[in-house]
Amino acid sequence: MSTILSARPVDDYASSGSNPRHLRRTEDDAAQLRRVRETFLTTGSADPRTIQAAGLSPSVLDSWRRCMRYGLDSIASRPVHTGDVDLDTPLTRVVDSIIRQREAVLEQSMCGLNLTDSEGVVLRQWVRDPALGRWFERHHVLPSVSVDETAVGTTSGICLLNERPTMVRGLEHFREEFASVTSAGVPIVHPVTHRLVGSLNLTSRYEDTSPVLLSWVMDLVRDVQRAYQETATRRERTLLDAYLTENRDTRHPLVALNDQTIITNATAARLLTSVDQALLWEHASRAIQESNPDPRQLVLTDGTVVSVRCREVSGASESAGAVLTIRPIMERKTREGAVIPAPKLAGLVGDGPRWRELCRRAAAAVAGPVLIIGEPGSGKVAVAKAIAGDAPVTVLDAAESTVNGAQAWLLRLERAVEESTGAIVIRRCDELQDAAAMSVANLIESHRNSTVRFLATATQSADHGQRVLLHAEFSAILKVPALRDRLEDLPVLLDALTRKANQRLGRAPADVRWMPDAVQALSRLEWHGNITSLETVVLRVLQGNSNRYINAGDLPTDVVASASRRKLARLEQVEANTIIAALREANGNKNRAAESLGIARSTLYRKVRALGIDLSTSAF
Ligand SMILES: Nc1ncnc2c1ncn2[C@@H]1O[C@H](COP(=O)(O)OP(=O)(O)OP(=O)(O)O)[C@@H](O)[C@H]1O
C-alpha cells in the first residue's frame with residue numbers, strides 16, 4: 001500500500017495521458033505560476049489567459065481573492081490558537097478507528113494527515129516522517145490550532161469552503177512558506193444530518209505531488225462516513241428507544257437529544273423554539289458532566305419557566321444523549337385553584353419571569369426605605385417612582401454631589417425632605433463620598449417613622465459585583481434585571497417606548513408595529529445601557545421614518561452591525577466583514593454573494609450562522 005502514497009515522476013502521468021497541470025509543474029510552468037502569483041499579489045488581479053496558462057483552478061483563485069480581502073500577509077505566518085477545543089468528539093473517535101486500520105500506509109509514507117473540524121481547527125495529526133513533523137511544527141499546523149483560510153490562507157482546507165475535494169500544490173498556497181508542499185483535502189459530511197463536520201487533509205512534499213493523494217483521502221473519507229453512519233445510526237436508535245420508553249404520558253413535554261439530533265413529542269414541540277433546543281442541550285451536557293439528576297429551573301425564550309429533569313442515555317460504548325422531562329412551572333394558585341394575579345408596577349411593562357419576580361418583591365416592600373440596584377438605565381428610578389405610587393416624588397441625583405460639592409447637595413436634600421409630602425428618590429446613591437453617605441444614612445434613619453419615604457438607587461455594573469452601599473438599614477433591596485436578561489419583554493417594552501417617543505415627537509399615537517425580524521435583531525444586542533439605550537434606538541428609528549411597520553432594515557446600521565451576541569475574535573471579525581461586504585454588494589442576494597466569494601452557498605449559511613451575521617435584516 002505504501003507505494004500509493006510515494007512519489008512518482010510527473011512524466012509518468014503525462015505519458016499516460018493525464019494532464020500534467022494537475023500534477024507537479026515543470027520548471028517553465030512553475031516560473032509562469034510565480035509570475036501570475038506576483039502580479040496577483042501586487043495588483044489583486046491577473047490576465048485570465050495567463051491564469052489559465054499557469055493552470056490555476058478557479059477555487060484556488062477565489063481563495064487568493066478572499067485572502068487579499070482579509071488583508072492576509074503572503075509571507076509571514078501567524079498561528080491562531082483556539083483555546084478550548086474538544087479533541088474527543090464522535091468525529092475524532094470515528095476517524096481514529098479508521099486510521100488505526102491504515103496506520104501501516106502512513107507509517108511508510110512521507111505524508112502527514114490532519115483532521116480538522118468544520119471551522120478548520122486541527123483536531124488530530126498523524127505524521128511519521130520527522131522532517132514533515134518539524135515542518136508542521138514550524139508552520140503551526142498542530143492540534144488545537146486553526147488552519148482556516150482566514151488564518152493560514154489558501155491550503156487544501158478550502159475544501160471546507162467549496163465543499164469539494166481540493167488539491168493545492170506548491171506555490172498555489174497563498175503563503176510562500178507553504179510552497180514546498182502539496183495538500184489534498186476532502187470535506188467530511190455527516191451522513192445523517194448532511195452537515196459538514198470536518199475535513200481530512202493529506203500533506204506531502206511538493207516533489208511527491210500525485211493525483212493519488214487526493215483519491216486516497218477521498219477513499220478514507222468515504223470509510224469515515226460509512227463508519228460514522230453506523231455509529232450515528234446506533235446512537236440515534238438508542239436515543240429513540242429511550243424516548244419511546246419515557247413517552248408514555250404524552251401530555252407532558254419530553255425531549256430526547258444529543259449534539260446532532262432532537263426528538264420531541266408534540267407538547268414539547270409546541271413549547272420549544274430552536275434557541276430553546278440549544279439551551280436544553282447545553283443544560284443536558286452540563287447535567288451529564290456533573291452527574292446531577294436533580295431537576296433545574298430554566299427560562300425558555302418566551303419567558304415560560306420550566307423545571308427540567310435530565311437522564312443520560314448510555315449507548316454500548318458511548319453516551320447516546322439525554323432524555324429531558326420538562327414541567328412548566330405554574331402560576332401560584334389559591335386553595336380553590338384560582339390563579340393569583342401577579343402584582344404589577346404601575347406604569348411599567350414587562351411580563352417575563354424576572355420582571356414578575358421583581359414586581360412580587362416590590363409589592364412586599366410596603367414600608368421603610370428601599371434600595372433598588374441594577375445596571376445603568378435598567379429602570380431603577382422608574383421602579384422607585386412606581387413603588388411610591390400616587391405620592392409626590394422628588395428625585396435627587398447623588399452624582400451631582402461630586403460636581404457641586406457634597407455640602408450643597410446635602411442641603412438640597414434636607415430642604416427636599418422638609419418640603420416633601422411623599423417620597424424622596426436618591427438616584428445613584430453609590431456615588432456619594434463616605435462622609436456624605438453617612439449623613440444621608442443618618443437622615444434616613446431619623447425619618448424612619450415619618451411620612452416621608454426614602455427610596456435609593458445604586459448602579460450595579462455588568463462587570464463588577466455589588467459595592468458596599470449606604471450605611472443605612474434598608475428594609476428591602478430590590479434588583480432590577482438587565483434588559484439582556486429579560487429579552488422576552490422586548491416586544492412590550494418597544495410598544496411602550498414607541499408610545500412615549502411619539503408623544504415626545506408631538507405625533508399622534510400611531511399604531512406602529514415592530515416586526516419580528518427587527519425584534520430578533522434587537523434581541524441580539526448586549527444592551528449595556530439597558531432600557532435607556534433602547535429608548536434612544538426607538539427614538540432614532542421613529543425620527544428616521546414614519547412607516548407603520550418597523551422592519552430590521554429600518555434599524556440604524558450601527559445597531560444592525562453590532563447585533564451579534566458573541567464577541568468575534570479579530571480574524572472572525574475580518575471574515576464577517578468580508579461576508580457582509582459581499583452581501584451588500586449583492587444587495588442581500590445570498591447566491592450571488594456566495595458566488596462572488598467563491599464559496600458554496602451552504603458554506604455561506606454555515607459561516608453566517610457561526611459568525612452571528614443576521615441574514616433576516618434587509619440592511620444588506
Ligand atoms: N418596565 C418598564 N416599562 C416601561 N418603561 C420603562 C421600564 N423600565 C424603565 N423604563 C423607562 O426606561 C428609561 C430608563 O429608566 P430609569 O431612568 O428608571 O433607569 P435607571 O436604571 O434609573 O437609570 P440610571 O442608571 O441612569 O439611573 C425611563 O424612561 C423609564 O421610564
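Biologist: What share of the contacts in the protein chain with a separation of 6 or more comes from residues 24 or more positions apart?

Modeller: It's 67% of them. Keep in mind that we're reading a predicted model here.

Biologist: And how many helices and strands does the protein chain have?

Modeller: The secondary structure comes to 24 helices and 17 strands. As for burial, 36% of the 620 residues are buried.

Biologist: Let's take the strands. In what order do they sit in a sheet, say the one with E7 and E8?

Modeller: To read a sheet, walk across it strand by strand. Here five strands form an open sheet, and the walk goes E7-E6-E10-E9-E8, with antiparallel pairing.

Biologist: Which strands stand at the edges of that sheet?

Modeller: Strand E7 (262–264) and strand E8 (296–299) do. Each has a single partner strand, so one side of each is left without a neighbour in the sheet. From one strand to the next, the twist averages 30 degrees.

Biologist: Which helix packs on this sheet?

Modeller: That's helix H10 (residues 211–246), which touches E6, E7, strand E9 (305–314) and strand E10 (319–328). The direction of H10 makes about 30 degrees with that of E10.

Biologist: How many bridges join the paired strands, for example E9 to E10?

Modeller: Nine bridges join E9 to E10, and the two run antiparallel. Arg 311 is a handy one to find, with Val 323 in E10 as its bridge partner. E9 and E10 also form a hairpin, with four residues between them. Next, E6 and E10 pair over four bridges, again in the antiparallel sense, and Val 255 stands opposite Leu 324 in E10. Finally, strand E6 (residues 254–257) pairs with E7 over three antiparallel bridges, where Ala 256 has Ile 263 in E7 as its bridge partner.

Biologist: Let me try the walk on the sheet with E2 and E3. What is its order?

Modeller: It's an open sheet of five strands in the order E2-E1-E5-E4-E3, with antiparallel pairing. The twist averages 15 degrees from one strand to the next.

Biologist: Over how many bridges do E4 and E5 pair?

Modeller: Strand E4 (residues 181–189) and strand E5 (residues 196–205) pair over nine bridges in the antiparallel sense. Look for Thr 182, which stands opposite Ser 204 in E5. Helix H7 lies across strand E1 (112–117), E2 and E5, and runs at about 155 degrees to E2.

Biologist: Which residues is Leu 345 in contact with, leaving aside neighbours within four places in sequence?

Modeller: Those are Cys 359, Ala 362, Val 383 and Ala 386. Take Cys 359: Leu 345 and Cys 359 are 14 residues apart in sequence, and 6.0 Å apart in space from C-alpha to C-alpha.

Biologist: What about the backbone angle phi of Ser 144?

Modeller: The general idea is that most residues other than glycine have a negative phi. Ser 144 isn't a glycine, yet its phi is positive at about 75 degrees. You'll find Ser 144 in the loop between helix H7 (130–138) and helix H8 (149–152). With 14 C-beta neighbours inside 10 Å, Ser 144 counts as partly exposed.

Biologist: And where is Asn 587 found?

Modeller: Asn 587 is in the loop between helix H22 (570–585) and helix H23 (590–597). Asn 587 has a positive phi too, about 50 degrees, and is not a glycine. Asn 587 is exposed, because 10 other C-beta atoms lie within 10 Å.

Biologist: Last one: why does the shell around the ligand lie between two domains?

Modeller: Check which domains give residues to the shell. Domain 3 (353–481) and domain 4 (487–611) both do, so the shell lies between them. Of the 20 residues around the ligand, Leu 348, Gly 379, Lys 380, Val 381 and Ala 382 come nearest. By class, the shell has eight nonpolar, eight polar and four charged residues. Helix H14 (380–388), strand E14 (453–459), helix H18 (490–504) and helix H20 (530–544) each supply at least two of the shell's residues.

Key: Residues numbered from 1 in each chain as written. Predicted model: local features only at pLDDT ≥ 70, side-chain atom pairs only at ≥ 80, totals over all residues. Near = placed C-beta within 6 Å. Nonpolar A, V, L, I, M, F, W, Y, C, P; charged D, E, K, R; others polar. Domains from an automatic or database assignment. Pairing = 2+ DSSP bridges. Axes fitted to C-alpha atoms, helices over the stretch in contact; angles between N-to-C directions. Contact = placed C-beta atoms within 7 Å. Buried ≥ 20, exposed ≤ 12 C-beta atoms within 10 Å, placed from the backbone.
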